[in-house]
Amino acid sequence: MPPGAIAIVGAAETTELGVIPHLSEIGLHADAALNAMADAGLQPKDIDGLACVGPMRPQMIAHYLGLAPRWVDGTGVGGCSFLLHVRHAAAAIHAGYCSTVLITHGESGRSRVAAMPRLVEPGSLAGQFEMPFGPMGPPTLFPIPVLRYMKTYGVTHEQLAMVAVIQREWAARNPRAMHRDPITVEDVLNSRMIAYPFRLLQCCLVTDGGGALILTSADRARDFPTRPVYILGSGESVETPMVSQMQDFTSSRAFRVAGAEAFRTAGIRHADVDHLMIYDAFAHLPLYGLEDLGFVPRGEAARFVWERNTAPGGRLPVNTNGGGLSYTHTGMYGMFALLESVRQVRGTAPAQVPDVRISVCHGVGGMFGASGTVVLGRERP
């Protein structure tokens, strides 16, 4: 599939973000979907492809919205599933399986309205081989690799805190961000300890919300009311369901594979990238992403952030909506990262970076268990 053959023509979040106690998860899916359709000037009858993840399986969303899709995808690999949906939908449209795909997300992460319980099955690999030793859930599982990373490369607690500080600077420019008040490195290091080395301000938010995208062929893209955003390249990979079994605690193999494939299929170099979104459930993920995607040499990401290269006015703007640390994080954040990349390429982001022609969006699923990368562009090559 040539770069730019498929375009995003609709993109929207739920009407509200943060705390939404009056909507269930299927209601959040529907709100985001209807907003994306309005953005694209479409109605449910115009949609013939559908992708979603989580408890809300495609048949539920299709029934609720009155869709009759010819193609569906329920791939679920964690919070980056939506990046894989974009890749799969682009391939399906190019193959002729469908013409217009809706990708939806809705999650009552904070209010837990009609939300499924989050359990680790005792018989699963993690239930057998990790949970008996104490770690249970992201805040206690993610520190396992980061401690090795910090020791190997001499990363300080102050440098790790700077990730949260800079993302709060971006959030301050975004009226929809849940937390906008400025913070300092000292504020981060004085916040409550959650699981060493992570303190509260280095952990993602817990919110309600959702988002949706609509994809179609580039040949049709000019027929829609919004500026099309072209899919230039994409990649995906998985590694392990257990963080303790990573090939290398200082690097994610899934990141490296997905990122390299996205750059290869897009035919771009790192110098071509104007804007970068890296899934940031915790403060260390942007460091791994910068290195595993090849933007900085191994072990240099913490210094790169400390020197404010990713901050407003920096040479590589990263997580410009405020990220999962300050903007929103429903539990699966990848959709929100994609939507910010779309806004930046369209030129409509609250914290707009000047002249964004290419944005790279990179996601993680589970605790380094999976990854997806999507390259978006303003122009069709």
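In this predicted model, M246 is in contact with P145, E239, T240, S251, S252 and F368, once its neighbours within four places in sequence are left aside. M246 sits in the loop between strand 8 (229–238) and helix 9, and its relative accessibility of 7% falls under the 20% limit, so M246 counts as buried. From M246 to M193 the separation is 53 residues in sequence and 25 Å in space, taken C-alpha to C-alpha.

**The chain as a whole**

- The chain is made up of 13 helices and 11 strands in its secondary structure. Its radius of gyration is 19 Å, close to the 21 Å that the globule rule gives for 381 residues, and the chain is therefore as compact as a globular protein of that length.
- Taken along the principal axes, the box filled by the C-alpha atoms of the chain is roughly 55 × 45 × 40 Å.
- When contacts between residues at least 6 apart in sequence are considered, 74% of them join residues that are at least 24 apart.
- The chain carries 31 positive and 33 negative charges, and the mean positions of these two groups are 2 Å apart.

**The largest nonpolar core**

- The largest nonpolar core holds 125 residues, and the members that touch the most other members are L102, L213, L215 and L290. Helix 7 (residues 157–171) contributes the largest share of this core, with 9 residues.
- Beyond its neighbours within four places in sequence, V101 is in contact with G49, L50, W71, A89, I93, L213, I214 and L215. Between V101 and T15 there are 86 residues of separation in sequence and 21 Å in space, C-alpha to C-alpha.

- How many of the residues of helix 10 (residues 285–292) are buried? The count is 8 of its 8 residues, and the helix is accordingly described as mostly covered.
- Just after helix 10, the backbone at G294 takes a positive phi of about 90°.

**Helix 13 and R346**

- R346 has its place in helix 13, and because its relative accessibility of 13% is under the 20% limit, R346 counts as buried.
- With neighbours within four places in sequence left aside, the contacts of R346 are V9, G10, A11, D39, T226, R227 and V229.
- R346 and A161 stand 185 residues apart in sequence, and their C-alpha atoms are 31 Å apart in space.

**Backbone features to inspect**

- The peptide bond that joins Y196 and P197 is cis, with omega at about 5°, and P197 lies in the loop between strand 5 (193–195) and strand 6 (198–199).
- N319 is not a glycine, although its phi is positive at about 55°. This residue is found in the loop between helix 11 (301–306) and helix 12 (323–326), and its relative accessible area of 0% makes N319 buried.
- D355, a residue other than glycine, likewise has a positive phi, near 55°, and is placed in the loop between helix 13 (334–346) and strand 10 (358–365). Is D355 buried, partly exposed or exposed? With a relative accessibility of 46%, which lies between the limits of 20% and 50%, D355 counts as partly exposed.

Technical notes: Residues numbered from 1 in each chain as written. Predicted model: local features only at pLDDT ≥ 70, side-chain atom pairs only at ≥ 80, totals over all residues. Heavy atoms only, no water. Helix = DSSP H or I, 4+ residues; strand = E, 2+ residues; numbered from the N terminus. Rg over C-alpha atoms; globule rule 2.2 N^0.38 Å. Contact = heavy atoms within 4.5 Å. Lys, Arg positive; Asp, Glu negative; His and termini not counted. Charge placed at Lys NZ, Arg CZ, Asp CG, Glu CD. Core = buried A, V, L, I, M, F, W, Y, C linked by side-chain atoms within 4.5 Å. Buried < 20%, exposed > 50% of the residue type's maximum accessible area, 1.4 Å probe, protein only.
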